[in-house]
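Let's walk through this structure together, stopping at a few spots where the side chains tell a clear story. Keep the viewer open as you read.

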Amino acid sequence: MGRGRVELKRIENKINRQVTFAKRRNGLLKKAYELSILCDAEVALIIFSSRGKLYEFSSSNSIGTTLERYNRCTYGALEPGQTEMDTQSNYQEYLKLKAKVEALQRSQRLFLGEDLVDLGSKELEQLEHQLDFSLKKIRSIKTDIMVEQLSELQRKEEMLLENNRILRKKLEEDSSREWEAYNYTQQGPPQSRGFVEGTTSQHIGYNIQAQPTTSAHNGFVPEWML
(Lines give C-alpha, C1' and ligand atoms only; values in the text may rest on other atoms or scores of the structure.)
Protein backbone atom coordinates (compact mmCIF):
# COMPACT_ATOMS: atom_id res chain seq x y z
CA MET A 1 0.00 0.00 0.00
CA GLY A 2 1.53 3.30 -1.11
CA ARG A 3 1.75 6.44 0.93
CA GLY A 4 -0.98 9.01 0.66
CA ARG A 5 -0.35 12.31 -1.02
CA VAL A 6 0.92 14.94 1.38
CA GLU A 7 -0.95 18.23 1.27
CA LEU A 8 1.50 21.04 0.67
CA LYS A 9 0.80 23.69 3.28
CA ARG A 10 2.58 25.17 6.24
CA ILE A 11 2.95 22.82 9.20
CA GLU A 12 1.43 24.57 12.21
CA ASN A 13 3.09 22.44 14.89
CA LYS A 14 6.55 23.84 15.62
CA ILE A 15 8.22 20.52 16.51
CA ASN A 16 6.81 18.70 13.48
CA ARG A 17 7.85 21.59 11.26
CA GLN A 18 11.46 21.47 12.53
CA VAL A 19 11.67 17.69 12.11
CA THR A 20 10.28 17.86 8.59
CA PHE A 21 12.69 20.67 7.71
CA ALA A 22 15.71 18.69 8.92
CA LYS A 23 14.69 15.55 7.03
CA ARG A 24 13.89 17.25 3.74
CA ARG A 25 16.94 19.53 3.98
CA ASN A 26 19.25 16.54 4.31
CA GLY A 27 17.45 14.76 1.51
CA LEU A 28 17.76 17.79 -0.74
CA LEU A 29 21.48 18.16 -0.03
CA LYS A 30 21.98 14.47 -0.74
CA LYS A 31 20.11 14.71 -4.03
CA ALA A 32 22.22 17.72 -5.06
CA TYR A 33 25.42 15.80 -4.30
CA GLU A 34 24.24 12.73 -6.23
CA LEU A 35 23.25 14.88 -9.20
CA SER A 36 26.69 16.50 -9.33
CA ILE A 37 28.49 13.09 -9.20
CA LEU A 38 26.27 11.07 -11.51
CA CYS A 39 25.81 13.71 -14.18
CA ASP A 40 29.05 15.69 -13.77
CA ALA A 41 26.98 18.83 -13.18
CA GLU A 42 27.97 21.97 -11.34
CA VAL A 43 25.44 22.30 -8.58
CA ALA A 44 25.04 25.02 -5.95
CA LEU A 45 22.38 24.86 -3.25
CA ILE A 46 21.50 27.57 -0.70
CA ILE A 47 18.95 27.05 2.08
CA PHE A 48 17.81 29.49 4.78
CA SER A 49 15.80 28.24 7.70
CA SER A 50 12.88 30.15 9.18
CA ARG A 51 15.28 31.54 11.79
CA GLY A 52 17.73 32.73 9.15
CA LYS A 53 20.30 29.93 9.48
CA LEU A 54 22.25 29.22 6.27
CA TYR A 55 22.78 25.78 4.72
CA GLU A 56 24.67 25.47 1.44
CA PHE A 57 26.23 22.94 -0.92
CA SER A 58 28.52 23.45 -3.90
CA SER A 59 30.04 20.89 -6.20
CA SER A 60 32.85 23.30 -7.13
CA ASN A 61 35.63 24.61 -4.94
CA SER A 62 33.56 27.62 -3.87
CA ILE A 63 29.93 28.56 -4.13
CA GLY A 64 31.11 32.00 -5.23
CA THR A 65 32.54 30.47 -8.40
CA THR A 66 29.18 29.00 -9.27
CA LEU A 67 27.47 32.30 -8.52
CA GLU A 68 29.91 34.16 -10.72
CA ARG A 69 29.16 31.75 -13.55
CA TYR A 70 25.46 32.28 -12.90
CA ASN A 71 25.90 36.06 -13.10
CA ARG A 72 27.77 35.77 -16.41
CA CYS A 73 25.02 33.66 -17.89
CA THR A 74 22.24 35.85 -16.55
CA TYR A 75 23.60 39.41 -16.63
CA GLY A 76 26.51 39.02 -19.07
CA ALA A 77 30.21 39.48 -18.44
CA LEU A 78 31.53 41.39 -15.45
CA GLU A 79 31.77 45.12 -15.88
CA PRO A 80 35.23 46.67 -16.36
CA GLY A 81 37.03 46.87 -13.06
CA GLN A 82 34.70 44.41 -11.36
CA THR A 83 36.31 41.33 -9.84
CA GLU A 84 35.08 38.08 -8.45
CA MET A 85 35.62 39.51 -4.98
CA ASP A 86 33.18 42.32 -5.76
CA THR A 87 30.61 39.78 -6.91
CA GLN A 88 31.01 37.79 -3.73
CA SER A 89 30.70 40.98 -1.65
CA ASN A 90 27.54 41.97 -3.49
CA TYR A 91 26.12 38.54 -2.93
CA GLN A 92 26.85 38.72 0.79
CA GLU A 93 25.15 42.12 0.91
CA TYR A 94 22.18 40.63 -0.88
CA LEU A 95 21.97 37.86 1.70
CA LYS A 96 22.03 40.38 4.54
CA LEU A 97 19.30 42.49 2.99
CA LYS A 98 17.21 39.39 2.31
CA ALA A 99 17.55 38.32 5.95
CA LYS A 100 16.44 41.80 7.08
CA VAL A 101 13.42 41.67 4.79
CA GLU A 102 12.43 38.27 6.12
CA ALA A 103 12.82 39.51 9.70
CA LEU A 104 10.63 42.53 8.97
CA GLN A 105 8.01 40.36 7.32
CA ARG A 106 7.99 38.06 10.33
CA SER A 107 7.59 41.04 12.68
CA GLN A 108 4.73 42.30 10.56
CA ARG A 109 2.98 38.94 10.78
CA LEU A 110 3.43 38.94 14.56
CA PHE A 111 1.97 42.44 14.88
CA LEU A 112 -1.01 41.27 12.83
CA GLY A 113 -1.55 38.38 15.25
CA GLU A 114 -0.25 35.69 12.91
CA ASP A 115 2.28 32.91 13.60
CA LEU A 116 1.91 33.31 17.38
CA VAL A 117 1.76 29.58 18.07
CA ASP A 118 5.55 29.20 17.98
CA LEU A 119 6.19 32.01 20.49
CA GLY A 120 6.86 31.40 24.16
CA SER A 121 5.39 33.31 27.09
CA LYS A 122 8.37 35.68 27.27
CA GLU A 123 8.25 36.47 23.56
CA LEU A 124 4.51 37.06 23.76
CA GLU A 125 5.00 39.41 26.70
CA GLN A 126 7.60 41.40 24.77
CA LEU A 127 5.27 41.60 21.80
CA GLU A 128 2.48 42.80 24.09
CA HIS A 129 4.71 45.57 25.48
CA GLN A 130 5.66 46.66 21.98
CA LEU A 131 2.02 46.82 20.93
CA ASP A 132 1.09 48.81 24.06
CA PHE A 133 3.89 51.31 23.38
CA SER A 134 2.84 51.64 19.74
CA LEU A 135 -0.80 52.09 20.76
CA LYS A 136 0.06 54.86 23.23
CA LYS A 137 2.11 56.66 20.61
CA ILE A 138 -0.69 56.38 18.07
CA ARG A 139 -3.23 57.75 20.55
CA SER A 140 -0.94 60.66 21.44
CA ILE A 141 -0.51 61.61 17.78
CA LYS A 142 -4.26 61.23 17.21
CA THR A 143 -5.01 63.55 20.15
CA ASP A 144 -2.61 66.19 18.84
CA ILE A 145 -4.22 66.07 15.42
CA MET A 146 -7.72 66.36 16.89
CA VAL A 147 -6.70 69.36 19.04
CA GLU A 148 -5.18 71.06 16.01
CA GLN A 149 -8.31 70.42 13.96
CA LEU A 150 -10.50 71.78 16.77
CA SER A 151 -8.44 74.97 16.96
CA GLU A 152 -8.73 75.41 13.21
CA LEU A 153 -12.51 74.95 13.35
CA GLN A 154 -12.81 77.51 16.15
CA ARG A 155 -10.80 80.00 14.14
CA LYS A 156 -13.04 79.47 11.12
CA GLU A 157 -16.12 79.87 13.32
CA GLU A 158 -14.87 83.24 14.60
CA MET A 159 -14.22 84.42 11.04
CA LEU A 160 -17.70 83.37 9.94
CA LEU A 161 -19.33 85.13 12.90
CA GLU A 162 -17.42 88.32 12.12
CA ASN A 163 -18.43 88.16 8.46
CA ASN A 164 -22.03 87.55 9.49
CA ARG A 165 -21.98 90.59 11.76
CA ILE A 166 -20.59 92.80 9.00
CA LEU A 167 -23.17 91.58 6.48
CA ARG A 168 -26.02 92.07 8.96
CA LYS A 169 -24.92 95.66 9.64
CA LYS A 170 -24.66 96.38 5.93
CA LEU A 171 -28.12 94.90 5.35
CA GLU A 172 -29.66 97.09 8.06
CA GLU A 173 -28.06 100.21 6.57
CA ASP A 174 -29.32 99.33 3.08
CA SER A 175 -32.84 98.68 4.41
CA SER A 176 -32.87 102.04 6.21
CA ARG A 177 -31.83 103.93 3.08
CA GLU A 178 -34.46 102.14 0.99
CA TRP A 179 -37.20 103.02 3.50
CA GLU A 180 -36.24 106.70 3.47
CA ALA A 181 -36.27 106.73 -0.32
CA TYR A 182 -39.71 105.10 -0.35
CA ASN A 183 -41.17 107.73 2.02
CA TYR A 184 -39.72 110.52 -0.08
CA THR A 185 -41.29 109.12 -3.23
CA GLN A 186 -44.76 108.62 -1.72
CA GLN A 187 -45.18 111.89 0.27
CA GLY A 188 -42.64 114.31 -1.15
CA PRO A 189 -40.58 116.83 0.86
CA PRO A 190 -42.39 118.32 3.93
CA GLN A 191 -41.72 121.98 2.95
CA SER A 192 -43.12 121.51 -0.55
CA ARG A 193 -46.34 120.01 0.81
CA GLY A 194 -46.95 123.03 3.10
CA PHE A 195 -46.25 125.52 0.35
CA VAL A 196 -48.73 123.93 -2.05
CA GLU A 197 -51.47 123.69 0.58
CA GLY A 198 -51.08 127.35 1.59
CA THR A 199 -51.16 128.59 -1.97
CA THR A 200 -54.30 126.64 -2.71
CA SER A 201 -56.15 128.00 0.33
CA GLN A 202 -55.27 131.58 -0.44
CA HIS A 203 -56.31 131.22 -4.04
CA ILE A 204 -59.69 129.78 -3.06
CA GLY A 205 -60.31 132.61 -0.58
CA TYR A 206 -59.45 135.19 -3.17
CA ASN A 207 -62.09 133.90 -5.54
CA ILE A 208 -64.76 133.88 -2.88
CA GLN A 209 -64.12 137.53 -2.00
CA ALA A 210 -63.68 138.79 -5.55
CA GLN A 211 -67.02 137.65 -6.93
CA PRO A 212 -69.33 139.77 -4.68
CA THR A 213 -67.14 142.82 -5.12
CA THR A 214 -67.36 142.64 -8.87
CA SER A 215 -71.11 142.06 -8.84
CA ALA A 216 -71.80 144.96 -6.53
CA HIS A 217 -69.68 147.23 -8.63
CA ASN A 218 -71.72 146.49 -11.69
CA GLY A 219 -74.99 147.05 -9.83
CA PHE A 220 -76.15 143.51 -10.29
CA VAL A 221 -77.30 141.45 -7.34
CA PRO A 222 -77.56 137.67 -7.84
CA GLU A 223 -80.91 136.02 -7.18
CA TRP A 224 -79.51 133.84 -4.40
CA MET A 225 -78.63 136.98 -2.34
CA LEU A 226 -82.17 138.36 -2.47
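In this predicted model, the side chains of Arg155 and Glu152 come together in a salt bridge, with 2.5 Å from N to O. Why can these two reach each other? Both belong to helix α4 (residues 121–187), and because they sit three residues apart there, about one helical turn separates them. Neither is fully hidden or fully open: Arg155 is partly exposed, with a relative accessible area of 40%, and Glu152 is partly exposed too, at 32%.

Stay on helix α4 and you will find Arg165 and Glu162, also three residues apart, or about one turn of the helix. Their side chains meet in a salt bridge as well, at 2.6 Å from N to O. Arg165 is partly exposed, with a relative accessible area of 47%, and Glu162 is partly exposed at 35%. The general idea is simple: side chains of opposite charge can pair when their charged atoms come close.

How many salt bridges does a search of the whole structure find? The count is five. One of them joins the side chains of Glu12 and Arg10, at 3.2 Å from N to O. Here Glu12 is partly exposed, with a relative accessible area of 49%, while Arg10 is partly exposed at 37%.

Finally, turn to strand β1 (residues 44–48), where the side chains alternate. Leu45 and Ile47 point to one face and are buried. Strand β1 pairs with strand β2 (residues 54–58) in the antiparallel sense, over five bridges. Which residue of β2 is the bridge partner of Phe48? Look for Leu54. Between the two strands of this hairpin lie five residues, and Gly52 takes a positive phi near 90 degrees.

Key:
Residues numbered from 1 in each chain as written. Predicted model: local features only at pLDDT ≥ 70, side-chain atom pairs only at ≥ 80, totals over all residues. Heavy atoms only, no water. Buried < 20%, exposed > 50% of the residue type's maximum accessible area, 1.4 Å probe, protein only. Helix = DSSP H or I, 4+ residues; strand = E, 2+ residues; numbered from the N terminus. Pairing = 2+ DSSP bridges. Salt bridge = Lys/Arg side-chain N within 4 Å of Asp/Glu carboxyl O.
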